[in-house]
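Here is a short tour for a first look. Keep the sequence and the 3D view side by side as you read.

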Number of protein chains: 2
Amino acid sequence: MEYLDRVVIAGVGLIGGSLALALKASGSVEEIVGLGRDPDRLRSAVSAGVIDRAETGPAAVVPGADLLVVGVPLGAVRAVLESIAPHLRAGTVVTDVGSAKGSVVDDLRATSIDPAGFVPAHPIAGTEKSGFEAAFPELFRGRRTILTPMPESRPEAVDVVRGVWEACGAQVIEMSVTHHDRMLAATSHLPHLLAYGLVDTLGRWDPTEEVFQYAAGGFRDFTRIASSDPVMWRDICLANRTALLETLERYREDLADLTALVRDGDGRSLETVFRRAKTTRDQYRPVFEK
Amino acid sequence: MEYLDRVVIAGVGLIGGSLALALKASGSVEEIVGLGRDPDRLRSAVSAGVIDRAETGPAAVVPGADLLVVGVPLGAVRAVLESIAPHLRAGTVVTDVGSAKGSVVDDLRATSIDPAGFVPAHPIAGTEKSGFEAAFPELFRGRRTILTPMPESRPEAVDVVRGVWEACGAQVIEMSVTHHDRMLAATSHLPHLLAYGLVDTLGRWDPTEEVFQYAAGGFRDFTRIASSDPVMWRDICLANRTALLETLERYREDLADLTALVRDGDGRSLETVFRRAKTTRDQYRPVFEK
């Protein structure tokens with residue numbers, strides 16, 4: 001990547017914080033500024049060495065930024081874009097890290113920011129933890145980052161964002177907004193909804209929560225993502241509502257079929273489904289475990 | 001546990017094999033005999049040091065057994081019990097390791113075996129792998145083993161089985177068959193069905209399976225159990241059909257409600273569900289991660 005004098009990260013959480021740490025480690029950025037609403041949290045992030053400097057308002061730092069990264073939950077993206085819009089100079093590249101891209105593009109178009117300098121991005125990485133305290137510079141290493149450039153995005157702006165993520169060790173690919181949102185609804189947003197749902201179903205079913213005492217490794221791994229940030233995932237489910245509903249309806253239909261197989265005692269068909277799923281899962285193990 | 005001269009394990013897979021290794025390591029058993037249908041597999045288990053001796057028929061080893069452990073998939077339990085019944089002497093304690101207990105009790109009652117010497121058991125441990133090659137002696141250490149004694153089970157027989165599992169490092173608890181089957185349907189059988197279902201839904205939706213290329217750690221962990229043995233899980237779903245259907249129907253109703261929240265854009269209610277689930281999941285993290 002080309003050397004950047006100032007990167008401003010609006011929203012220093014797990015992703016924004018890890019990006020700050022990875023960029024700092026790459027030696028390609030002079031100054032990383034965290035922009036946020038809570039001065040105490042930002043000061044802690046400076047003390048922790050996650051960012052170089054903290055600001056609660058855009059006026060002081062946005063005009064001098066080479067790159068501005070929006071790292072807030074999807075429901076807050078539009079407000080952040082609106083707040084920085086008056087302070088952006090023409091050359092600043094703007095990007096985001098949201099898990100849904102259609103809503104971000106809609107948010108961008110609702111502001112006065114020139115789409116030519118905007119490159120939507122989604123690093124497919126994270127843990128069930130949140131906050132800059134959970135950030136670490138290797139989070140993106142070997143993971144994919146998907147760019148979904150707008151038709152107006154300048155190639156030079158795309159190159160900057162690509163360079164940033166490659167400097168963090170990510171493998172960068174490009175695809176359309178629609179394709180991104182369908183793929184991620186299926187492999188990320190749906191599983192999170194299902195895991196939250198299962199833990200909540202069991203917790204409400206058994207008020208003493210004795211049931212969880214008998215859970216083993218399978219349940220632990222299946223429900224790990226139910227520890228994820230509720231606000232972030234509320235926003236993702238709403239932002240990617242159309243694609244999520246599409247995959248959710250398909251899953252619910254298949255689950256109704258599976259239920260019928262259990263009810264009918266159709267072991268042959270159950271085994272066929274389980275075997276097919278195992279074959280697929282085993283086949284993709286190298287992709288998942290890399 | 002009291003010293004046992006001979007333990008016969010019918011079905012030397014992940015669980016039976018790990019039990020053999022753990023008992024051997026405990027130094028409390030003179031001879032561990034693997035009983036099975038496939039002489040090649042059994043010979044390999046002997047060569048691998050998992051069992052001391054292999055037999056394909058019960059006549060030679062069952063009469064001299066202090067303890068007989070049925071370690072086959074639930075669908076094969078009845079046939080195994082029937083095959084050993086004519087060879088059992090009065091003092092031999094019989095147990096199993098099945099993930100559902102009601103069906104095992106039904107199977108036992110369908111044979112001529114005296115329930116006084118039978119103690120149903122379920123070690124809540126396992127991995128998504130199967131076969132004795134995946135066995136290891138620490139599999140049960142710190143995990144729970146649930147005993148569901150029959151009304152007729154002799155206290156001395158219960159003590160033998162309890163001692164065996166404690167020697168393997170397990171924490172042994174007792175409960176009713178019905179309670180066991182409802183608890184495990186919720187925390188184990190349902191998640192397996194959901195995980196198999198999701199992988200199969202996505203695999204059939206996207207024949208090129210490109211979708212799996214964009215899966216990250218959340219999907220990997222959520223679907224790990226979809227690599228489990230299809231025959232074993234077919235049998236569990238059928239054996240515990242009543243309890244599984246009960247929890248499955250409850251989950252499907254809640255999922256319909258969650259779908260409505262997404263469709264209606266009800267972020268406040270979505271956040272409530274997600275937050276409640278996260279609180280529960282975080283609260284039980286120490287139990288799961290121990």
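## A strand pair in chain B

B:R144 has B:Q171 as its bridge partner in β9(B). This is a predicted model. The two strands involved are β8 (residues 144-147) and β9 (residues 171-174) of chain B, which pair in the parallel sense over four bridges. Between β8(B) and β9(B), the chain passes through helix α5 (residues 155-167) of chain B. This β-α-β crossover is right-handed.

## The six-stranded sheet of chain A

Now turn to chain A. Six strands form an open sheet here, in the order β3-β2-β1-β4-β5-β6, with parallel pairing. β3 (53-55) and β6 (118-119) of chain A each have a single partner strand, so one side of each lacks a neighbour in the sheet.

Look next at β1 (residues 4-10) and β2 (residues 29-35) of chain A. They pair in the parallel sense over six bridges. A:R6 finds its bridge partner in β2(A) at A:E31.

## Helices across the sheet

Helix α2 (residues 39-47) of chain A lies across β2 and β3 of chain A. It runs at about 170° to β3(A). Helix α3 (residues 77-84) of chain A lies across β1, β4 (67-70) and β5 (93-96) of chain A. Its angle to β4(A) is about 155°.

## Two domains in chain A

How is chain A divided into domains? The assignment gives domain 1 (4-174) and domain 2 (179-289). Their centres, taken over C-alpha atoms, are 30 Å apart.

In chain A, 13 residues of domain 1 are in contact with 15 residues of domain 2. The domain 1 side of this contact has four nonpolar, seven polar and two charged residues.

Technical notes: Residues numbered from 1 in each chain as written. Chains lettered and ligands numbered in written order. Predicted model: local features only at pLDDT ≥ 70, side-chain atom pairs only at ≥ 80, totals over all residues. Pairing = 2+ DSSP bridges. Right-handed = clockwise from strand over helix to strand, strands pointing away. Domains from an automatic or database assignment. Contact = placed C-beta atoms within 7 Å. Nonpolar A, V, L, I, M, F, W, Y, C, P; charged D, E, K, R; others polar. Axes fitted to C-alpha atoms, helices over the stretch in contact; angles between N-to-C directions.
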